[in-house]
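Reader: I've got a model open and I'd like to learn how to read its helices and strands. Can you walk me through it?

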Amino acid sequence: MGILDIASGASVWRGYSYYKSGKILAKQQLSETKFTGTVSGSNHAQYEVFIDIEHPRKSHCNCPHADGKRIVCKHQVALFFSCFPEEAEKYYRDVLEYEAEEERQQEELDEKIIAYIHSLSKRELEDTLYDILYSGESWVFDKFVREHID
């Protein structure tokens, strides 16, 4: 299990953003698997970061989010990406592929919904609309009925 595996999705995305924004002020390789660095954070704060890619739970950062905790923060991820830029590019490619797949699935769903709506008779459409307006959330009724009858 690596740094990216134990970090939250938000920390990985923000860490990637920090990496791309050049917020890694200094870095040093201590061994084959250990790195240290200084990362610029919010409000120009600077955080001291240590990552151990062999034992990621031993990594640490003195930021308020991670200090004293065994979690991986965005500063640790940013340092990781700075030390391993090919991992940053792989991560970004994976994000783009995921987004493209999500978009493809949404388009497929939209086509199915349109086909379903076109398959309904006028009476079936009316019944469905009544059901949605009177059995659904009150905001639906307010939005689609009250606005047009007041």
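Predicted model: local features only at pLDDT ≥ 70, side-chain atom pairs only at ≥ 80, totals over all residues.

Reader: Which residues in H3 meet which residues in H4?

Author: Residues are numbered from 1 along each chain as its sequence is written, and side-chain values use heavy atoms, with hydrogens and water left out. Helices (H or I, at least four residues) and strands (E, at least two) are DSSP runs, numbered from the N terminus. Contact means heavy atoms within 4.5 Å. Here, Phe80, Phe81, Ser82 and Cys83 of H3 meet Pro85, Glu87, Ala88 and Tyr91 of H4. Those contact residues split into 6 nonpolar, 1 polar and 1 charged. In that count, Ala, Val, Leu, Ile, Met, Phe, Trp, Tyr, Cys and Pro are nonpolar, Asp, Glu, Lys and Arg are charged, and the others, Gly among them, are polar.

Reader: At roughly what angle do the axes of H3 and H4 cross?

Author: Axes are lines fitted to C-alpha atoms, for helices over the stretch in contact, and angles run from 0 to 180 degrees between N-to-C directions. The axes of H3 (residues 74–83) and H4 (residues 85–119) cross at roughly 110 degrees and come within 4 Å. The two helices are therefore roughly perpendicular, a label for 65 to 115 degrees.

Reader: Now the sheet. What is the order of its strands?

Author: Strands of a sheet pair through backbone hydrogen bonds, either parallel or antiparallel. Two strands count as paired if DSSP finds at least two bridges between them. This open sheet has 4 strands in the order E1-E2-E3-E4, with antiparallel pairing. E1 (24–29) and E4 are the edge strands, each pairing on one side only. H3 packs on the sheet, touching E1, E2, E3 and E4, and its direction makes about 65 degrees with that of E3.

Reader: How many bridges join E2 to E3?

Author: There are 7 between E2 (residues 34–40) and E3, with Phe35 partnered by Ile51 in E3. The two strands form a hairpin with 5 residues between them, and Asn43 in the turn has a positive phi of about 50 degrees. On to E4 (residues 60–61): 2 bridges join this strand to E3, and Val49 has Cys61 as its bridge partner.

Reader: How many residues of E3 are buried?

Author: Buried means under 20% relative accessible area, exposed over 50%, partly exposed in between (1.4 Å probe, protein chains only). E3 (residues 46–52) is mostly covered, with 5 of its 7 residues buried.

Methods:
Parallel < 35°, antiparallel > 145°, perpendicular 65-115°, else oblique.
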